[in-house]
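I set out to record a few look-ups in the structure shown below.

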Amino acid sequence: MTALSVAQAVCPFIGLEVPGAVFSSTTREHVELKAVANEMADAIAKAHPWQLLSTLKTHTGDGTTEDFTLPTDYDWMPDANQVWTSDNNQPLCKVTDVDAWLGQIVRDFDPVPGNWIIYGGQLHIRAALGSGITAKYFYQSNLIVAPASGANKTAFTLDTDTFRLDERLLKLGIIARWKQLKSQPYAQELDDYEVLKEKLIARDKGATILRQGTARMPRDATFAFPGNVPTS
């Protein structure tokens, strides 16, 4: 579905005439609909570390550089993510407090195996990565929209754009948010949106249990019930 087809699917539920164009329109309702669509797309992208938006970044050390500019499409990094280096078998330690980071700088000591923090649009690593040593981490990209041609982008601008994540979830989110903004009852619409969102989150990264081979049992053990349960 394109951005236009999502908007067209939304309109019957919010009391608007189904339009032939939205993102190229200057009609007030269409301008509002564009804003709500982009707001909900961004909210969905930030609701979960979707595997489709997870992106691997690599920085290479030169022996002196401690500050690395974040990727241009950097949106956010999930709390559980780590920064790993090619010269260590454990991740660097994350420093969450800028005062603690400043304390390390003032006291002028190099932590082992190394620390990292994000601020000022950069990833900072102490001690500096050795020459040729790489640091790798996953982040969430903000390129949530795919155009009909060209590079992915951060927001809908054309009717032919498509949402890179689930479009039905976007539709339900737009309906709920529109009704909320218009002071209309929206509890059921919001509940529908949240239920679908949680289902998609649960399925996003595939099964969490891996079974390989046959089940292991003690040599003399038997099942307490037959393998085939009779139906009558």
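In which strand is Arg 126 found? I located Arg 126 in strand β7, residues 122-126; helices (H or I, at least four residues) and strands (E, at least two) are DSSP runs, numbered from the N terminus. I note that this is a predicted model, in which local features need pLDDT of at least 70 and side-chain atom pairs count only at pLDDT 80 or more, while totals for chains, interfaces and linings use all residues. Residues are numbered from 1 along each chain as its sequence is written, and side-chain values use heavy atoms, without hydrogens and water.

Entry on Arg 126. I found Arg 126 buried, at a relative accessible area of 5% (buried is under 20%, exposed over 50%, partly exposed in between; 1.4 Å probe, protein chains only). Beyond its neighbours within four places in sequence, Arg 126 is in contact with residues including Glu 66, Trp 101 and Asn 115 (contact: heavy atoms within 4.5 Å).

Entry on the sheet. I traced an open sheet of 4 strands in the order β2-β7-β6-β5, with mixed pairing (strands pair if DSSP finds at least two bridges between them). β2 (67-69) and β5 (93-94) stand at the edges with a single partner strand each, so one side of each lacks a neighbour in the sheet. Strand β6 (residues 115-119) pairs with β7 in the antiparallel sense over 5 bridges, and Ile 118 stands opposite Leu 123 in β7.

Entry on Ile 14. I placed Ile 14 in helix α1, residues 3-14, and found it buried at 7% relative accessibility. Ile 14 and Lys 179 lie 165 residues apart in sequence and 7.0 Å apart in space, C-alpha to C-alpha.
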